[in-house]
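Biologist: I would like to learn how to read this model feature by feature. Please give the general idea each time, then the case here.

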Amino acid sequence: MRCGDWRTNVFLRLAEQHRQFVQDLVMSLQALATVLENRGYLASCYTCGGQMNSASFMVSLRDNHLIRFLVSDYGITWTEMRDDRELMKLEGAEAISQLQELANLVKYQIKPAEYRPTVAQEV
């Protein structure tokens, strides 16, 4: 094996793993949106094309409190807004970890009227 061959194979394998990760994340966002809607939240998840390589997930929590999560091959962002003002913006792993709080709404069966968000620091 030539020196450059192993690197090419590694990068191709990493690219495929990343594509699979994004697809899994998009499917999870679609499921989360459906469950949140069934629990009384205004939630949506839109994808572009049939490739499942990007999504825009939004959920309205209460009192003009909105979460927007974007995922694509280019990056992942979490934006939290209240009264049309950006409170918090996270990227990458930090953005993904914030999804756990939303998942807890489902896990602990918290209704929209009962939701009390954690205090976000202003940007």
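The dialogue below goes from the overall fold to single residues.

Modeller: Two ground rules. This is a predicted model, where local features need pLDDT of at least 70, side-chain atom pairs count only at pLDDT 80 or more, and totals for chains, interfaces and linings use all residues. Residues are numbered from 1 along each chain as its sequence is written, and side-chain values use heavy atoms, with hydrogens and water left out.

Biologist: How many helices and strands does the protein chain have?

Modeller: Helices (H or I, at least four residues) and strands (E, at least two) are DSSP runs, numbered from the N terminus. The protein chain has two helices and five strands. Along the sequence the pattern reads α-β-β-β-β-β-α.

Biologist: What share of the residues is buried?

Modeller: Buried means under 20% relative accessible area, exposed means over 50%, and partly exposed lies in between (1.4 Å probe, protein chains only). Of the 123 residues in the protein chain, 32% are buried. For areas, the Shrake-Rupley method is used with a 1.4 Å probe; for residues, only the protein chains shown count as cover. The accessible surface of the protein chain is about 8,100 Å², and carbon and sulfur atoms hold 53% of it.

Biologist: What share of the contacts links residues 24 or more positions apart?

Modeller: A contact means heavy atoms within 4.5 Å. Take the contacts in the protein chain with a separation of 6 or more: 41% of them are between residues 24 or more positions apart.

Biologist: Now charges. Which side chains meet in a salt bridge?

Modeller: The rule asks for a side-chain nitrogen of Lys or Arg within 4 Å of a carboxyl oxygen of Asp or Glu. The count is one salt bridge. Glu16 and Arg19 form it, at 3.3 Å from N to O. Both residues sit in helix H1 (residues 3-38), three residues apart, about one turn of the helix.

Biologist: Why do Glu16 and Arg19 count as partly exposed?

Modeller: Glu16 counts as partly exposed because its relative accessibility is 41%. Arg19 is classed as partly exposed because its value is 40%.

Biologist: Which polar contacts does the side chain of His65 make?

Modeller: A polar contact is a pair of N or O atoms within 3.5 Å; within protein, one must be able to donate a hydrogen and the other to accept it, and residues adjacent in sequence count only if both atoms are side-chain atoms. His65 lies in strand S3 (residues 65-72). Its side chain makes a polar contact with the side chain of Glu80 at 2.6 Å. Another, of 3.0 Å, joins the side chains of His65 and Arg82. His65 counts as buried because its relative accessibility is 1%.

Biologist: What does Ser72 touch?

Modeller: Ser72 is also found in strand S3. Leaving out residues up to four places away in sequence, Ser72 touches His18, Val22, Asn53 and Ser54. The side chain of Ser72 reaches the backbone nitrogen of Tyr74 at 3.0 Å. At 17% relative accessible area, Ser72 is buried.

Biologist: How many aromatic pairs are there?

Modeller: Rings of Phe, Tyr and Trp (its six-membered ring) pair if their centres lie within 6.5 Å; planes under 30 degrees apart count as stacked, over 60 as edge-to-face and the rest as tilted. The count is one aromatic pair. Phe69 and Trp78 form this edge-to-face pair, with 6.5 Å centre to centre and 75° between the planes. Both Phe69 and Trp78 are buried.

Biologist: Which residues are in contact with Ala95?

Modeller: Ala95 is in helix H2 (residues 92-107). Setting aside neighbours within four places in sequence, Ala95 is in contact with Phe69, Ile76, Thr77, Trp78 and Leu90. Ala95 has a relative accessible area of 0%, so it is buried.

Biologist: Last, backbone angles. Where does Met52 lie?

Modeller: Most residues other than glycine have a negative phi. Phi of Met52 is positive, near 60°. Met52 lies in the loop between strand S1 (42-47) and strand S2 (54-62). Asp83 also has a positive phi, of about 50°. Asp83 lies in the loop between strand S4 (75-82) and strand S5 (85-91).
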